[in-house]
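Please look through the sequence and the structure below before reading on.

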Amino acid sequence: MLCLPRSLALPVLALAAALTHGIAAAELPTPVAQALARAKIPASALGIVVEEAGASPRAKSLLRHRAEAPMNPASVMKLVTTTAALELLGPNWKWRTPVYVDGVIREGTLQGDLYIEGRGDPKLVAERLWLLLRRVQGLGISRINGDIVLDDGLFEAVPHDPGEFDGEPLRPYNAAPNALLLNFKSVLMTFTPDRATGVARLHVEPPLAGVAWPATVPLSQERCGDWRGGLQANFAQTGFGRAEGSTPVQPRFGGRYPAACEEKIWPLAWPDPEGYNARAIAGMWQAIGGTLRGQVRAGRVPEALRDSSRGPVFALESPPLAEVVRDINKYSNNVMTQQLFLTLSLEQAAAPPESGTASAPPPQGTLAASRALLQDWWRERLAVKGQMDEGAPRISNGSGLSREDRVSPAALARLLQYAWDGPLMPELLTSLPISGQDGTLRPERWRARGSAHLKTGSLRDVNSLAGVVDAQSGRRYVLVAIVNHPNAAAARPALEALVDWVARQ
């Protein structure tokens, strides 16, 4: 006979009685209710759906609590964007960054301009930027007598305050979306202690033109605790935004690096994002031995060049979409999600016009068009008949980094059931963090370690989880839980208790 712990026996018996009569239990499991009480969060601030994966929600609901309430889901909204993208574009779809040559190549010199057109690739990081420029050299170009022109006009300019949500404007994940997003407009600073000489050596990638980094930082005998604070970094030097060739930018470290630390990496969003692309391209081109007579500047690819029979000389391809979706959901990357969100409407706008129609204006990805596209996608596949809004979520930028987003736990559960029954279930499921093991669920405290694939979400006043839990019975359950409350940051133990309770079914 199965014996249940006292803390679980009464809730489970109540659930069994409720399910016997074909209804979902409204009571919260005791461990969840107790954790909410400790966090001083009322049950009215929580929305939950737990139901067997692949089954009718009415017949197989394990728990429903405020299931239809519209709530702010935070980053759990990324599930809507990534599921729709996998279906609309396909898991093997890739971004392409075309490169155009406007001029003649003679004896290693391009007599003209080189154009690089951004089309939203979120993975155009330093090593792939290096590869792009090496392919330019593979065309027989080592010197450019004109300019390198960067075209980022295929996304609308999105108003953006990088410090709005967490007060950390120099974190790379707070970068603004951009059609030509190079390396998240960030640098990686690597500090390697050399105890024999009493310094930490500094290496920075990618190299930025006009930026003079110190080669070393002195060591201290402090513990390896707040090593970043101990460096006393000053990135607000005068010179940011100056044209190339003027007084160089000189980041400084007024403190020391702890000798007790091993090698550490500090990712930093560049304080002058508007000037980053030009510095990164010029610095990388110079680092690989290229020379440039003109300048790196912003501009648009001429229509005559774009429409010529020759077209781009090559296009650098991104990793497959399924791989990008794993990065987005495992690590809840906001700017990558916004890149994908804007790409959806760009690709729709770039579709070939029907024969006999007038030529369309240059395509552009916009927030409004992407919102409309996802609303249409939802209504075609997931609408609930009889509801005025058909249960469609209210989406701002696709990433969940918004105070305006709203969706009900029931709608998110319906999305997960739709994905579970579809051919793209493996791609979506493997993109979600595994409890206690990786991504945003890495902490060891999870009792249901390895039993759940869950997307996390958090904002001030929001804490959320959504995904699939493997129960001890062998059944799998779709789980959605959202807390909207001023004490939401303290709700994580209650959400973990809910996952553990489901895993023990």
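A salt bridge, as the term is used here, is a side-chain nitrogen of Lys or Arg within 4 Å of a carboxyl oxygen of Asp or Glu. The model is a predicted one, in which local features need pLDDT of at least 70 and side-chain atom pairs count only at pLDDT 80 or more, while totals for chains, interfaces and linings use all residues. Residues are numbered from 1 along each chain as its sequence is written, and side-chain values use heavy atoms, with hydrogens and water left out.

The protein has 505 residues, of which 53% count as buried, where buried means under 20% relative accessible area, exposed means over 50%, and partly exposed lies in between (1.4 Å probe, protein chains only). Among the contacts with a separation of 6 or more, 72% are between residues 24 or more positions apart, a contact being heavy atoms within 4.5 Å.

Side chains of opposite charge can pair when their charged atoms come close. By the rule given above, the protein has 22 salt bridges. One of them joins K94 to E317, with the closest N and O atoms 3.8 Å apart. Because K94 lies in the loop between α4 (78–89) and β3 (96–106) and E317 in strand β16 (residues 314–317), this pair ties together parts that are 223 residues apart in sequence. K94 is partly exposed at 33% relative accessibility, and E317 is partly exposed at 42%.

Which residue forms a salt bridge with R306, with the closest N and O atoms 2.1 Å apart? That residue is E117, and since R306 lies in helix α8 (residues 303–306) and E117 in strand β4, parts 189 residues apart in sequence are tied together. E117 is buried, with a relative accessible area of 1%. R306 also forms a salt bridge with D151, where the closest N and O atoms are 4.0 Å apart; D151 is in strand β6 (residues 148–151), 155 residues from R306. D151 counts as buried at 0% relative accessibility. Through shared partners, salt bridges join E117, R119, D151, R300, E303 and R306 into one network.

Strand β4 (residues 109–117) also holds D113, which is buried at 17% relative accessible area. A polar atom of the D113 side chain lies 2.7 Å from the backbone nitrogen of D147. Leaving aside neighbours within four places in sequence, the residues in contact with D113 include Y100, D102, G146 and R297.

A disulfide is a covalent bond between the sulfur atoms of two cysteines, and here the term is applied to a pair of cysteine sulfur atoms within 2.5 Å. The count comes to one disulfide, which joins C224 to C261 with an S to S distance of 1.9 Å. The torsion about its S-S bond is about 105°, so the disulfide is right-handed. C224 sits in the loop between β9 (216–220) and α6 (227–231), and C261 in the loop between β12 (257–258) and β13 (264–269), 37 residues apart. C224 is partly exposed at 32% relative accessible area, whereas C261 is buried at 0%.

Finally, the loop between α5 (126–138) and β5 (143–144) contains L139, which is partly exposed at 32% relative accessibility.

Note on methods
Helix = DSSP H or I, 4+ residues; strand = E, 2+ residues; numbered from the N terminus. Polar contact = N/O pair within 3.5 Å; in protein donor to acceptor, adjacent residues only side chain to side chain.
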